[in-house]
Structures are given as C-alpha cells and as structure tokens.
Amino acid sequence: MLSCKGVFYRYGAKLDWVLDDFSHAFGPGVHLIKGYSGCGKSTLLRLLGGYLTPTKGMVEVSGYRCPNRKFQREALGFVFQQLNLLPLATVERNLQLAGALAGISKHKRLENVDRYMEELGLEGFMKRLPGSMSGGQQQRATIARALIKEPEVLLLDEPTSGLDDLNTEVIIKVLERFIREGERVAVICTHDQRLDKIADEILDFNKFLPVERHLEALV
Ligand SMILES: Nc1ncnc2c1ncn2[C@@H]1O[C@H](COP(=O)(O)OP(=O)(O)OP(=O)(O)O)[C@@H](O)[C@H]1O
C-alpha cells in the first residue's frame, strides 16, 4: 500500500546520505521503525508522508507517486514530534478544522470528534485550549486530531515518548483498534518497547544505514 523504491535522501548536496537506496513495502498493519537517535527515522516518515521529496528513487502510496496533495489531505494522518495543535483554538476546534480540511461532512465530523475524544479519554476537554492541558493530554488530543479523518495511512513520530503507562496504554488500545478495523497502515517511529506488542513488523533502521554513518553513530 505504501512503498519506498530505491529511495536516497540527503538534506543538502554536500551532506551525507540519510537514506541510501532504501526499499521497503508497508502493508496493512502496524510497522515500528527503530534505530539510534539521528539514524533517519523522522526523515523516513517525512518522505512517506510526502513532506520531503526523495533525492533519488520514489515513494508510492496505493500506486500513486508521492508527494500527492490529495492523499495528504484526505488519506494521511501525521503526528509530528512537535505536537502542532493550534494554540488559540479549542481542542474541539482543532479537530473540527482537521476534519473540514480533509473534506469530511459536518455530520461525520461531529460524530468522529465525539468518538475519538471519548476513545482517548478526553470527553471533558472539548473546550480547552491546548496550552491549558498536560503533555499527555495534548499528545492524546493530537492523535485524536489525526484520526478524525479516518486516514488509510497513519504516520506517528514518537507518539508515546515521555508518557506514563496509563496514557501509553490508552494510545496503544486506540491505535490498535483503529488500524485493525480498516485494513489501515501505521508507521510509527519509536524507542518505546511498550508499543512492541501491537507491531506486525519491527524494522531495525540501523541496518539500512550507509557504512560511514554506522561509524558516526559509534563515536
Ligand atoms: N533539516 C535538516 N537539515 C540538515 N540535516 C538534518 C535535518 N533534519 C535532520 N537532519 C539530519 O539527518 C539525520 C537524520 O535525522 P532524523 O531526525 O531523521 O533522525 P531520527 O532517527 O528521527 O532521530 P531521533 O530519534 O533523535 O528523532 C541526522 O544526522 C540529522 O542531523
């Protein structure tokens, strides 16, 4: 459904390759990307989401070459490490806007806001501004926002880092149900072993690194 074909990526012509001829197919299910800090996990996620364009090679989603704006708008949910909730909008408004941008009908938006706020244990937080919520609550709200459009592909960057077991368990349950109910794809960059139990695949990203970057990682 989502695949990388011979992808090379570097951030500048004089910089080292972050990805060097990376090929992989991500089918329905949960894929965890693991590897040392700086090995390129977030870069891979941005390439999969079409927020970066491969220097060489290509990323495809359901047969379409990325980046593809329609796919990003309608079928992609992305949770960045920096949560990026709009600070001056209530949580409910943040979710509504995400649904409206994806072209979801008003009726479905209302239904989904209720559903995902409840699933993530945030029923009482609809009218709150993100800044008035704890880190764990904001993290759950960001995931609710990504789910509102019920995307085919969900990309999450460290969705549970720094969270206690209770917050993490809520997120794991919701993600697992969401992915399994619709033959969807989730690619999750994480160091968190608590997510291993819902993984269909754990990809050790270190092994795809160019040799010189392996050496860099050791020093
Ligand atoms: N905007 C950028 N410009 C130049 N280099 C960058 C940029 N973003 C990342 N890099 C470099 O690319 C490499 C991969 O970074 P990336 O953020 O993908 O790693 P990561 O595995 O996600 O790390 P972490 O686990 O710490 O989040 C690193 O060497 C990083 O310094």
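I begin with a term: two residues are in contact if their C-beta atoms, placed from the backbone, lie within 7 Å. With that, I looked at contacts in the protein chain between residues at least 6 apart in sequence, and 71% of them join residues at least 24 apart.

A note on what I am reading: this is a predicted model, where local features need pLDDT of at least 70 and side-chain atom pairs count only at pLDDT 80 or more, while totals for chains, interfaces and linings use all residues. Residues are numbered from 1 along each chain as its sequence is written.

**Overall build.** I found 7 helices and 9 strands in the protein chain; helices (H or I, at least four residues) and strands (E, at least two) are DSSP runs, numbered from the N terminus. The radius of gyration, taken over C-alpha atoms, is 17 Å, close to the 17 Å from the globule rule for 219 residues, so the chain is as compact as a globular protein of that length. That rule is 2.2 Å times the number of residues to the power 0.38. The C-alpha trace spans about 50 × 35 × 30 Å along its principal axes.

**Ligand.** Which residues are around the ligand? I listed Tyr 11, Val 18, Gly 35, Ser 37, Gly 38, Cys 39, Gly 40, Lys 41, Ser 42, Thr 43 and Cys 189, each with its C-beta atom, placed from the backbone, within 6 Å of the ligand. Helix H1 (residues 41–49) gives the most to this shell, with 3 residues.

**Burial around H3.** I call a residue buried if 20 or more other C-beta atoms, placed from the backbone, lie within 10 Å of its own. By that count, 37% of the 219 residues are buried. In helix H3 (residues 91–101) the buried ones are Val 91, Asn 94, Leu 95, Gln 96, Ala 98 and Gly 99. Their cover includes helix H4 (106–119) and helix H5 (135–147). I also checked Ala 144: leaving out residues up to four places away in sequence, Ala 144 touches Leu 95, Tyr 116, Met 117, Leu 120 and Leu 122. After H3 comes Gly 103, with a positive phi near 80°.

**A sheet.** I traced an open antiparallel sheet of 4 strands, in the order E2-E1-E4-E5; strands pair if DSSP finds at least two bridges between them. Strand E2 (19–26) and strand E5 (64–65) stand at the edges with a single partner strand each, so one side of each lacks a neighbour in the sheet. Strand E1 (residues 2–9) and strand E4 (residues 56–61) run antiparallel and are joined by 5 bridges. Cys 4 has Val 59 in E4 as its bridge partner.

Terms used. Buried ≥ 20, exposed ≤ 12 C-beta atoms within 10 Å, placed from the backbone.
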